Amino acid sequence: MMKGLTTLCYIEKDGQYLMLHRTKKEHDINKDKWIGIGGHFEVDESPDECLRREVFEETGCTLGSCTLRGIVTFVSDGRAPGAGVTEYMFLYTAEDLQGEPADCDEGELVWVNKEECPDLNVWEGDKIFFRLLNTHPEFFSLKLVYDGGDRLMYAALDGGAGRSAAGAEIPVATTSPWARHEVFPTFPWTTLLKFFRIEKTL
């Protein structure tokens, strides 16, 4: 398993998403949360390979076509730069699931109406995913900073002005280093996106 790189997919059918209620693992950062399907990369995997393996492992089904919708940067502890763990997640949607979901050893798989998903016990940042997936057809880059627990401290879309948990706009030029690209000066975002044939400049 490769730490710091993950995939997540919202699989849709008949106006519903296939959601995983994480209830079975004792030491699980997602304990009792509802999430999509996905997980950490294995060595030498591409994002697509990781996602397809995770879908099969968690549902017993084969994933057909899927669409990479965005990259999400998570910072787990935003109280001071460098204090927490940073994770990059490749966010997908799909409608082509071949087979019927089987029992999952990580929790219960449930088809949930899309409009009801934000009302579940989900991470606060996931509610932003749902809104973007419904209203933002372009590929996006989203940054989410948590306080080390469940509290979302900051969110920014496509490198623009961020918003605090209270909804106040945080200008990029005046906010903390979390909102500025120089936090990750060597990460080749443009090269990475071109590799996946996504012509978008961050």
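**Exercise 1. Glu12 and its partner**

Task: Decide whether Glu12 is buried, partly exposed or exposed, and find the residue that its side chain meets in a salt bridge.

Solution. Step 1: Glu12 has a relative accessible area of 21%, which makes this residue partly exposed (buried is under 20%, exposed is over 50% and partly exposed is in between, with a 1.4 Å probe and protein chains only).

Before going on, note that the model is predicted, so local features need pLDDT of at least 70 and side-chain atom pairs count only at pLDDT 80 or more, while totals for chains, interfaces and linings use all residues. Residues are numbered from 1 along each chain as its sequence is written, and side-chain values use heavy atoms, with hydrogens and water left out.

Step 1: The partner is Lys114, at 3.2 Å from N to O (a salt bridge is a side-chain nitrogen of Lys or Arg within 4 Å of a carboxyl oxygen of Asp or Glu).

Step 2: Helices (H or I, at least four residues) and strands (E, at least two) are DSSP runs, numbered from the N terminus.

Step 3: To set the pair in context, the structure holds eight salt bridges, and the chain has three helices and 13 strands.

**Exercise 2. A charged residue without a salt bridge**

Task: Glu58 is buried yet has no salt bridge; find the nearest side chain of opposite charge.

Solution. Step 1: Look for Glu58 in helix α1.

Step 1: Arg22 is the nearest side chain of opposite charge, 4.8 Å away (Lys and Arg count as positive and Asp and Glu as negative; His and the chain ends are not counted).

Step 2: List the neighbours, leaving out residues up to four places away in sequence: Glu58 touches Leu20, Ile37, Gly38, Cys104, Glu106 and Leu109 (contact means heavy atoms within 4.5 Å).

**Exercise 3. The largest pocket**

Task: Identify the element that gives the largest share of the lining of the largest pocket.

Solution. Step 1: The largest pocket has a volume of about 1,000 Å³. On a 1 Å grid over the protein atoms alone, a pocket is an open set of points where a 1.4 Å probe fits, with protein on both sides within 12 Å along at least five of seven lines; lining residues have an atom within 4 Å of a point. Grid points are joined across faces, edges and corners, and the volume is the space filled by probe spheres set on the points.

Step 1: The lining has 35 residues, and those closest to the pocket centre are Thr6, Ile29, Asn30, His40 and Glu87.

Step 2: Two or more lining residues come from each of β1, β4 (37-41), α1, β6 (66-75), β7 (86-94) and α2. The largest share, five residues, belongs to β1.

**Exercise 4. His136 and Asp158**

Task: Find which residues His136 touches, and describe the phi of Asp158.

Solution. Step 1: His136 sits in the loop between α2 and β10 (140-146) and is buried, with a relative accessible area of 17%.

Step 1: Beyond four places in sequence, His136 touches Arg69, Arg131, Leu157 and Asp158.

Step 2: Asp158 is in the loop between β11 (152-157) and β12 (162-164). Its phi is positive, about 55 degrees, although Asp158 is not a glycine. Asp158 is partly exposed, at 26%.
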